[in-house]
Amino acid sequence: MDTFSTFVFLVCIHLCLVYFLCNYWGKVFVASMEIVVEGQNQPKIALETIKLYEMEDDRISLLPNCLLLEILSRLQCTKDAIRTGILSTRWKHLWNSVPTLTFTYIDFNHPLSDFISFVDKTLTQCHELKLKKFGVYTCYDIEFESQFNRWIRYAISCNVEELILKLWYPGSKAEFQLDQSLYISSCFTDLTLAGSVFNPMGMISWKNLRSLYISDVILNEDLIKNILSGSPLLENLVLDDCYGFSRLDITSKSVKNLMLVGYMDPDDDSANNIMRINAPDILSLTIKGCLLMWKILLLNMSSLVEANFDYEKFGYYETTSEEAEEDMLKEFIVNCRNVKELKIGFFCSKVLARLEAKGFVFPSNMNFQPYCCVPSPSLYSDSDSLLDSD
């Protein structure tokens, strides 16, 4: 962590303390005033509380706006940034210019319509013309499709660099149709889309995109080709529980990191499909999660430097399940024999143990790290740390 990040981290801690103290003393102030009105016999408590509540601006409030905005942008959600307005008059409208907006809805004690209204109202009060990040984490109701697309257009109008849209549907498939303007916006550098329907009417144009995380989306080979051809700078690609394709041709020379997290086609009960991955220029490959398929074949992986395997295999088998698991992992290792570092996670380690018991020997040039924890795609999506209701 560099010096500036350390400074901001410490200031954030200080800010939280000030926030809660002010919240506490605000409540004490109200309670004390009620005592004075009702009893007229304890003025000292009220006067002392007023003195504490009207204390001079704290040192954090004396910092320049650029630092205060950086602090607010690192809070978990926009509602927390708005709440800092109680600290002093200096903070009251500061959140309006924060370049990061994050909205999360998981509080089912309140209707979704309240969350929609809160986001709409918040966006009307924002003054920032350039957004670093815009994130929405919520369940979806087709009744609010126009509002969701309006938020996307708002973020694009602010030239947002990182857009995160994570939707979930209790007991049903994704149905939210992404606004067509999203497919031709060149402002994105990082894009996270979960639970949306991919349906571009023409060619995709993400000229500055470097990291793409797609989850719970139906993709076919043509769509994947459209994404890659329209993203000439793309370096990191994560496909999380996406399905509908049986071949991954990563022919883009810019893509260096590929992560496949699970594959389950709800319309394919037989699960006897074979996926082929051809990626001659990637440097890092991760395959993890639940794979409902016969097998994955790694074709051209000539540039691969690092491989991470931590998956569970289900579905159709020509032989016994154990033999099918062993054959696929063995093929993976053989096809990755030129990598400098191979990591095997918890689930694959059980298969590996059986292979070793049968005399399997790793290539001597391979740096093998057994039973490691394969990294999750959190680099591309931070929603797990943002589960605070708006």
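K253 sits in the loop between β9 (247–249) and β10 (257–263), and D281 in the loop between β11 (274–278) and β12 (284–292), so the pair ties together parts that are 28 residues apart in sequence.

I turn to a second pair. The side chains of K358 and E326 meet in a salt bridge, at 2.6 Å from N to O. K358 belongs to the loop between α9 (346–357) and β16 (367–369), while E326 belongs to helix α8 (residues 321–335); the pair therefore ties together parts that are 32 residues apart in sequence. K358 is exposed at 60% relative accessibility, whereas E326 is buried at 5%. Through shared partners, salt bridges join E322, E325, E326, R354 and K358 into one network.

R150 forms a salt bridge with D120, with the closest N and O atoms 3.1 Å apart. R150 lies in helix α6 (residues 145–157) and D120 in helix α5, 30 residues apart. Both are partly exposed, R150 with a relative accessible area of 39% and D120 with 21%. The count of salt bridges comes to 13.

Which residues of α5 are buried? They are L112, F115, I116, F118, V119, T122 and L123. These residues cover an arc of only 160° around the axis, which puts them on the same side of α5. On the other side, K121 and T124 are exposed. The helix, residues 112–125, reaches 21 Å from its first C-alpha to its last, close to the 20 Å expected.

The largest nonpolar core has 90 residues, of which F134, F198, W206, I296 and F309 touch the most other members. Beyond four places in sequence, I296 touches L260, M275, I277, I287, L291, M328 and F332.

Finally, confidence. The chain averages a pLDDT of 77, and 66% of the residues score at least 70. Confidence is highest in strand β8 (residues 236–240), at a mean of 97, and lowest in helix α1 (residues 3–39), at 41. Over residues 13–55 the pLDDT is below 50, although the model has 33 contacts for this stretch beyond near neighbours in sequence. Residues 378–390 also stay under 50, with 37 contacts beyond four places in sequence. Where pLDDT is low, predicted coordinates should not be read in detail.

Methods. Residues are numbered from 1 along each chain as its sequence is written. This is a predicted model: local features need pLDDT of at least 70, side-chain atom pairs count only at pLDDT 80 or more; totals for chains, interfaces and linings use all residues. Side-chain values use heavy atoms; hydrogens and water are left out. A nonpolar core is a set of buried Ala, Val, Leu, Ile, Met, Phe, Trp, Tyr and Cys residues joined through side-chain atoms within 4.5 Å. Buried means under 20% relative accessible area, exposed over 50%, partly exposed in between (1.4 Å probe, protein chains only). Contact means heavy atoms within 4.5 Å. pLDDT is the predictor's confidence in each residue, from 0 to 100. Helices (H or I, at least four residues) and strands (E, at least two) are DSSP runs, numbered from the N terminus. The expected span of a helix is 1.5 Å times one less than its number of residues. The arc is that of the directions from the helix axis to the C-beta atoms. A salt bridge is a side-chain nitrogen of Lys or Arg within 4 Å of a carboxyl oxygen of Asp or Glu.
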